[in-house]
Amino acid sequence: MADITEISSLIQAMCDTLIESEQHKVELAFSDFGKSYSGLSGKSAEDFGEGCPYITYMNVYQNQIIDATNVGLVKINGAEQQSVVHYGDILFTLSSETAEEVGMGAVYLGDTYPLYLNSFCFGIHIIDDNKIFPPFLAFYASTKSFRKVVFPLAQGSTRFNLQKNDFMKKGFSFPTVERQRKIYSALKTYSDKLSVEKSIAKLLCKQKNHLLSQLFI
C-alpha cells in the first residue's frame with residue numbers, strides 16, 4: 001500500500017509547481033466569478049443527528065474535494081431560509097481557534113440535494129465559469145501563494161475569523177481557464193489514487209479492530 005503522507009506531499013508539491021510556473025495569469029477576485037453565502041444559522045444542538053445532510057467543518061478542513069460519504073445530519077423545516085450547496089461550489093472555513101486553520105478550502109463535486117453547510121464555514125457559488133473552472137479551485141486553495149494572501153485576513157485574539165467581504169474583493173492570480181482544466185486533470189489523477197489509499201487504510205483499520213475484538217470473546 002502506498003504511503004498516504006507521501007502521496008499528499010507529492011500532490012501539494014505538484015500543485016504549487018504547476019500553478020506557480022504559469023506564465024500567463026489573470027488577476028481576479030472571487031467576487032468577479034462567484035457569489036458568497038453563509039452556512040447554517042439559528043440551529044441548536046438538538047437539531048443535529050437526524051434529518052438532511054450537511055457538510056461538516058472537518059470535511060472542509062481536511063479535504064480538497066468534499067467527501068460526499070462523510071456528512072452530518074440536521075433538521076430543516078419547510079419555513080427555514082437556509083442556503084444550499086451546489087456542484088462546483090468552493091467552501092471555506094470561516095472561523096477557528098488558530099489563524100492557520102481559517103480560509104482552508106474544498107470544492108463540492110457531488111450531486112446530493114438539498115445539502116447544507118455547517119455554520120463555521122461559508123460557500124461561494126460560481127456564477128461565471130468563463131473565468132474559472134470550479135474543480136480547479138480544489139487545488140488552487142491549498143497553494144502556498146493562496147495561503148499567503150489569505151492568512152492576514154484572519155483576525156482575532158482567542159478565536160480567529162476570516163473577513164469574508166475583504167476576502168471576496170481580494171485579488172488573486174489565476175492561470176487561464178484552459179490551463180486550469182489541464183492542471184486539474186493532472187492533479188486529479190493523483191488525488192483519485194490518494195482517495196483509494198485512504199479507503200484501503202480505513203478498511204484495514206476496521207478489519208484490525210474486528211480481529212482484536214475477537215480476541216476478547
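These legends describe close-up views of one predicted model.

Local features in this predicted model need pLDDT of at least 70 and side-chain atom pairs count only at pLDDT 80 or more, while totals for chains, interfaces and linings use all residues. Residues are numbered from 1 along each chain as its sequence is written, and side-chain values use heavy atoms, with hydrogens and water left out.

**View 1. The whole chain.**
The chain holds 6 helices and 12 strands. Helices (H or I, at least four residues) and strands (E, at least two) are DSSP runs, numbered from the N terminus. The radius of gyration is 19 Å, close to the 17 Å that the globule rule gives for 217 residues, so the chain is as compact as a globular protein of that length. That radius is taken over C-alpha atoms, and the globule rule is 2.2 Å times the number of residues to the power 0.38. The C-alpha trace spans about 65 × 45 × 35 Å along its principal axes. Of the 217 residues, 39% are buried. Buried means under 20% relative accessible area, exposed means over 50%, and partly exposed lies in between (1.4 Å probe, protein chains only). Among contacts with a separation of 6 or more, 80% are between residues 24 or more positions apart. Contact means heavy atoms within 4.5 Å.

**View 2. Strand β5 between two partners.**
Strands of a sheet pair through backbone hydrogen bonds, either parallel or antiparallel. Here two strands count as paired if DSSP finds at least two bridges between them. β5 pairs with β7 in the antiparallel sense over 3 bridges. In that pairing, L91 stands opposite A106 of β7. β5 also pairs with strand β9 (residues 121–126), antiparallel, over 4 bridges. There T93 stands opposite C121 of β9. In a regular strand the side chains alternate between the two faces of the sheet. Both faces of β5 are covered: I90 and F92 are buried on one side, L91 and T93 on the other.

**View 3. F92 and its surroundings.**
F92 sits in strand β5 (residues 90–93). Its relative accessibility is 0%, so F92 counts as buried. Beyond residues up to four places away in sequence, F92 touches F30, V60, G103, M104, G105, C121, F122, I124, A141, F146 and F167. V60 lies 32 residues from F92 along the chain, yet their C-alpha atoms are separated by 6.8 Å.

A pair of aromatic rings is described by the distance of the centres and the angle of the planes. Rings of Phe, Tyr and Trp (its six-membered ring) pair if their centres lie within 6.5 Å; planes under 30 degrees apart count as stacked, over 60 as edge-to-face and the rest as tilted. The count comes to 22 aromatic pairs. One of them joins F146 and F167, edge-to-face, at 6.2 Å centre to centre and 85° between the planes. This pair links distant parts of the chain, 21 residues apart: F146 in helix α4 (residues 144–150) and F167 in helix α5 (residues 164–169). F146 is buried at 0% relative accessible area. F167 is buried too, at 0% relative accessibility. One aromatic cluster is formed by F30, F33, F92, F122, F136, Y140, F146, F167, F172 and F174.

Strand β3 (residues 48–55) and β8 run parallel, joined by 2 bridges. Y54 has Y116 of β8 as its bridge partner. Most peptide bonds are trans. The bond joining Y113 and P114 is cis, with omega about -5°. P114 lies in the loop between β7 (105–107) and β8.

**View 4. S96 and its polar contact.**
S96 is found in strand β6 (residues 95–96). S96 is buried, with 3% relative accessible area. The side chains of S96 and E101 are joined by a polar contact of 2.6 Å. A polar contact is a pair of N or O atoms within 3.5 Å; within protein, one must be able to donate a hydrogen and the other to accept it, and residues adjacent in sequence count only if both atoms are side-chain atoms. Leaving aside neighbours within four places in sequence, S96 is in contact with Y57, E101, V102, R159 and F160.

The structure holds 0 disulfides, a disulfide being a pair of cysteine sulfur atoms within 2.5 Å. For C121, the nearest cysteine sulfur is that of C52, 18 Å away. C121 is buried at 1% relative accessibility, whereas C205 is partly exposed at 41%.
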